[in-house]
Amino acid sequence: MIYIITIIEFVLGSLMHFAYNVFSNPIVAVIAPVNESIFEHLKLVLYPMLFVSLIVWYRYKNKDLSFLTAIPISIIVGILSVVLIYYFYYFGLGIESLFLDIFLLLLSIFIGNMSFYWVRVHHIQWSMKISFAIIIILIILFTFWTFFPPDLPLFIDYSM
């Protein structure tokens, strides 16, 4: 099941990559990359994983709180995977590869989904309010930083 969900999220993320070029408006800008910065590409992990996880949660309506705990944890792990791996091969090793960038999206989503599975297997759980608060904070931060990016390397568009 993890492999199927990973592929679905990867395909959604790949399609989202071009959404702003096709539909250039502020609503699409919130969920799709508006430039080639690392931060903007983190949306390709955040939103597909969030959408698919919420659909699966709604579909099965599991009473186990570890499911809801796993959603923000898996998204954060996926996002951190992108940042850490990308900075390692791009800045650390000096490798620039479109194929590697695409594979990184798939790998990061998979790592996030594996952490989801790990949280579920170990029945790690916290309040539903904490899970939703983390998700809402992520959405607010990503939305705010889309329109008002801080002056940090993560937000620099290196393609220019």
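Visitor: How do the residues of the lining of the largest pocket divide into nonpolar, polar and charged?

Guide: A pocket is found on a 1 Å grid over the protein atoms alone, as an open set of points where a 1.4 Å probe fits, with protein on both sides within 12 Å along at least five of seven lines; lining residues have an atom within 4 Å of a point. Ala, Val, Leu, Ile, Met, Phe, Trp, Tyr, Cys and Pro count as nonpolar, Asp, Glu, Lys and Arg as charged, and the others, Gly among them, as polar. The lining of the largest pocket divides into 14 nonpolar, 7 polar and 3 charged residues.

Visitor: On what basis are such values given, and what level of pLDDT do local features need?

Guide: Residues are numbered from 1 along each chain as its sequence is written, and side-chain values use heavy atoms, with hydrogens and water left out. The model is predicted, and totals for chains, interfaces and linings use all residues, whereas side-chain atom pairs count only at pLDDT 80 or more and local features need pLDDT of at least 70.

Visitor: What is the volume of the largest pocket, and which residues are the closest to its centre?

Guide: A volume is the space filled by probe spheres set on the grid points, which are joined across faces, edges and corners. For the largest pocket this volume is about 600 Å³. Among the 24 residues that line the largest pocket, the closest to its centre are His17, Glu36, His41, Leu98 and Asp101.

Visitor: Which element supplies the largest share of the lining of the largest pocket?

Guide: Helices are DSSP runs (H or I, at least four residues), numbered from the N terminus. H1, H4, H5 and H6 each give at least two residues to this lining. The largest share, 5 residues, comes from H6.

Visitor: How far apart are the end C-alpha atoms of helix H6?

Guide: The expected span of a helix is 1.5 Å times one less than its number of residues. Helix H6 covers residues 98-121, so its 24 residues should span 34 Å. The end C-alpha atoms agree with this, being separated by 35 Å.

Visitor: Which helices are included in what covers the buried residues of H6?

Guide: A residue is buried when its relative accessible area is under 20% (1.4 Å probe, protein chains only). Among the buried residues of H6 are Leu104, Ile109, Phe116 and Val119. Their cover includes helix H1 (2-16), helix H4 (38-60) and helix H5 (65-92).

Visitor: Which residues is Ser115 in contact with, leaving aside its neighbours within four places in sequence?

Guide: Ser115 lies in helix H6 and counts as buried because its relative accessibility is 14%. Contact requires heavy atoms within 4.5 Å. By that rule Ser115 is in contact with Ile73, Ser74 and Val77.

Visitor: With which side chain does the side chain of Thr146 make a polar contact?

Guide: Thr146 is found in helix H7 and is buried, with a relative accessible area of 9%. A polar contact is a pair of N or O atoms within 3.5 Å; within protein, one must be able to donate a hydrogen and the other to accept it, and residues adjacent in sequence count only if both atoms are side-chain atoms. At 2.8 Å, the partner of Thr146 is the side chain of Lys43.

Definitions and conventions: Buried < 20%, exposed > 50% of the residue type's maximum accessible area, 1.4 Å probe, protein only.
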